[in-house]
Amino acid sequence: PEKDSIVYTLQGSMQADESLVGKDYNAIHQYMRQLGWDYSEHPNSSFKDHHTGVHAEVVYDDVLKQYVFKFTNHAGEFLDGDRGSLKDRQRNEMKSQTSPAWQKLNGNWDEWQQLKWKFKIPKGFRPSTSFCHIHQLKAQEGNNGAPLITITPRCDADGPNRRMQVIHTGDTRASTKGVLIDNIPLKEFEDEWVQVSEEVKYDHHGKYRLVITRIRDGKVLIDNTQNDIDTWRKGAINIRNKFGIYRSYGGSGGQITNNIKDETIDLADFVIYEKDTNPSPAAHD
């Protein structure tokens with residue numbers, strides 16, 4: 001933890017385990033559930049989707065010298081959908097649970113949280129001109145349509161200007177700050193493990209800070225602080241954390257019009273800290 005996180009309390013953590021090597025999505029889901037996350041939003045979850053494909057696995061990583069999760073999204077010979085729907089988007093995500101036992105992993109009203117994890121995208125990762133989220137903070141209840149915060153690889157039409165965005169969507173249009181970061185070249189991330197540290201005060205006048213550091217050389221790729229930012233959704237109890245790939249086809253009816261292809265993302269070392277923990281989370285406007 002950073003020097004100011006001495007007041008933070010560890011709420012939960014997860015690493016991939018060697019016992020999951022060669023196991024299927026259900027074994028990964030059951031493992032995650034014991035630690036407060038789950039793997040339930042993916043193409044294997046519906047017979048109408050690409051249910052025979054491999055979308056999550058645990059592999060050994062030579063850089064981190066440990067086992068990590070690898071998620072795969074297909075947009076080539078096979079086309080993944082969104083939990084059985086093959087219309088305009090595909091989803092392959094893990095998320096924190098929102099049952100009372102695991103609300104401690106989520107943002108609740110008036111709390112401070114630090115979320116830490118590592119990710120790696122491959123060389124040649126082809127983002128979308130439309131949404132392609134690799135992380136979301138998203139309300140479970142209440143005004144839970146659009147995500148509150150996303151980390152979103154993006155490119156211009158026909159593929160140039162590949163970059164990493166961070167996007168904020170507040171509870172109302174007036175409280176939305178929109179694209180917070182839009183100028184970090186994706187090549188800085190490609191084939192590199194990065195350490196993410198995300199700090200949030202959950203309030204309509206909250207705070208948000210994101211720091212992403214490249215592990216190989218310690219280069220800080222992103223360090224962005226937002227004060228007086230709306231980090232809540234009316235009617236919510238939990239702001240859950242999500243990781244993986246959730247992206248648009250560009251078109252509809254299962255037609256890819258935005259040049260996406262098969263992609264992977266590697267994920268590791270999830271850790272969540274809190275301070276000023278809400279003792280009894282309940283729906284809050």
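**Close-up views of a predicted model**

**View A. Tyr202 and Trp232 form an aromatic pair.** Tyr202 is buried, since its relative accessible area is 0%, under the 20% that sets the limit for buried residues. Trp232 also counts as buried, at 0% relative accessibility. The model shown here and in the other views is a predicted one. A pair of aromatic rings is described by the distance of the centres and the angle of the planes. For Tyr202 and Trp232 the centres are 6.4 Å apart and the planes stand at 75 degrees, an edge-to-face pair. Tyr202 belongs to the loop between strand 11 (194-201) and strand 12 (206-214), and Trp232 to the loop between strand 13 (220-229) and strand 14 (239-248), so the pair ties together parts that are 30 residues apart in sequence.

**View B. Tyr60 and Tyr67 form an edge-to-face pair.** The count of aromatic pairs in the model comes to nine. In the pair of Tyr60 and Tyr67, the ring centres lie 5.2 Å apart and the planes meet at 70 degrees, so the pair is edge-to-face; the angle needed for that label is over 60 degrees. Tyr60 is partly exposed because its relative accessibility is 42%. Tyr67 is partly exposed as well, with a relative accessible area of 21%.

**View C. Four aromatic residues make up a cluster.** The members are Trp37, Trp117, Phe243 and Phe270, and ring pairs link them.

**View D. Charged side chains lie over aromatic rings.** Arg91 is placed over the face of Tyr246, 3.9 Å from the ring centre. Lys275 is placed over the face of Trp112, and here the distance from the ring centre is 4.8 Å.

View E. Helix 1 spans residues 25-34, and its residues Ile28, His29, Tyr31 and Met32 are buried. What covers them? The cover includes strand 1 (9-14), strand 2 (37-41), strand 3 (56-61), strand 4 (66-73) and strand 5 (89-96).

**View F. Asp24 and Gly36 are found at the ends of helix 1.** At the start of the helix, Asp24 has a side-chain oxygen that comes within 3.1 Å of the backbone nitrogen of Asn26. Gly36 follows helix 1, and its phi is positive, near 105 degrees.

Definitions and conventions
Residues are numbered from 1 along each chain as its sequence is written. This is a predicted model: local features need pLDDT of at least 70, side-chain atom pairs count only at pLDDT 80 or more; totals for chains, interfaces and linings use all residues. Side-chain values use heavy atoms; hydrogens and water are left out. Buried means under 20% relative accessible area, exposed over 50%, partly exposed in between (1.4 Å probe, protein chains only). Helices (H or I, at least four residues) and strands (E, at least two) are DSSP runs, numbered from the N terminus. Contact means heavy atoms within 4.5 Å. A polar contact is a pair of N or O atoms within 3.5 Å; within protein, one must be able to donate a hydrogen and the other to accept it, and residues adjacent in sequence count only if both atoms are side-chain atoms. Rings of Phe, Tyr and Trp (its six-membered ring) pair if their centres lie within 6.5 Å; planes under 30 degrees apart count as stacked, over 60 as edge-to-face and the rest as tilted. A charge sits over a ring if NZ of Lys or CZ of Arg is within 6 Å of the ring centre and within 35 degrees of the ring normal.
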